[in-house]
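Here are my notes after a look through this one. Have the model open while you read, and bear in mind that it is a predicted one.

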Amino acid sequence: MGGLDEGVCVCGGSMSILVNGSPTEEISIHRGLKQGDSLAPFLFLLVAEGFSGLMRKATKASLFEGFEIGRNGLVVTHLQYADDTLCIGKATVDNLWVMKSILRGFEMASSLKINFLKSSLIGENVRDDFMEMACDFLNCSRGSIPFKYLGLLVGANGRILPTWEPFVDLMNRKLNAWGHKYISFRGRIVLLNSVLNSIPIFYLSFIKMQ
């Protein structure tokens, strides 16, 4: 960096906003990063790792009880991909209190506010009265299985047709969008190989057809 202060990279610079195609006067940046800045994902991952640390510490201290998978005793408490997070645990009042405390502590430490309007609570073999109480306690909506995560239907039955209807619709939208563009024959082959081939692989890596 040649002795450049790190704060200059984050706090320095200027930007302008396009209004009807015309840029406004430049605005000095004092906090945050420009949209599309290559440094933004790395900073977000550093902050998001703090949530993982809180969950691991709570599990190690036997404050949060996750879900045990397999014979080796693997305990899963959360899954993260960018800003999409799944918290997995047993349906107990203690888990609800710990989860709410962790989320609140993470908000205060990172200044990232959790949008509970976009969050949902899903229960499997859990009483309805407990689910209603838990949703009110966490101030979120109640979801159901199957649910969509990263574009995939989690908990869906791969042997029935409705599970694959979103996949077929996605393929049709891709083909219809390309049909209105002036793309050469070689360009269409590249799109087929790079896009249409990867979509079925993505689905089939998670859902079994038989």
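1. Let's begin at the hairpin. Tyrosine 81 sits opposite aspartate 84 of strand 8. Strand 7 (residues 78-81) and strand 8 (residues 84-87) run antiparallel and are joined by 4 bridges.

2. On the turn itself: 2 residues lie between strand 7 and strand 8 in this hairpin. One to click on is alanine 82, which has a positive phi of about 55°.

3. Next, a helix pair. Helix 3 (residues 93-110) packs against helix 4 (residues 128-138) at an angle of about 15°, and their axes are 11 Å apart. Angles under 35 degrees count as roughly parallel, so that is the label for helix 3 and helix 4. Their crossing is right-handed.

4. Which residues in helix 3 and helix 4 meet? From helix 3 you have Val93, Leu96, Trp97 and Lys100, and from helix 4 Phe130, Met133, Ala134, Phe137 and Leu138. That contact divides into 8 nonpolar residues, no polar ones and 1 charged.

5. Last, have a look at isoleucine 207, in the segment after helix 7 (198-204). Is isoleucine 207 buried or exposed? Its relative accessibility is 5%, and buried means under 20%, so isoleucine 207 counts as buried.

6. What is isoleucine 207 in contact with, leaving aside its neighbours within four places in sequence? Those partners are Leu153, Gly158, Thr163 and Trp164.

Terms used. Residues numbered from 1 in each chain as written. Predicted model: local features only at pLDDT ≥ 70, side-chain atom pairs only at ≥ 80, totals over all residues. Heavy atoms only, no water. Axes fitted to C-alpha atoms, helices over the stretch in contact; angles between N-to-C directions. Parallel < 35°, antiparallel > 145°, perpendicular 65-115°, else oblique. Left-handed = near helix turned anticlockwise from the far one by under 90°. Contact = heavy atoms within 4.5 Å. Nonpolar A, V, L, I, M, F, W, Y, C, P; charged D, E, K, R; others polar. Pairing = 2+ DSSP bridges. Buried < 20%, exposed > 50% of the residue type's maximum accessible area, 1.4 Å probe, protein only.
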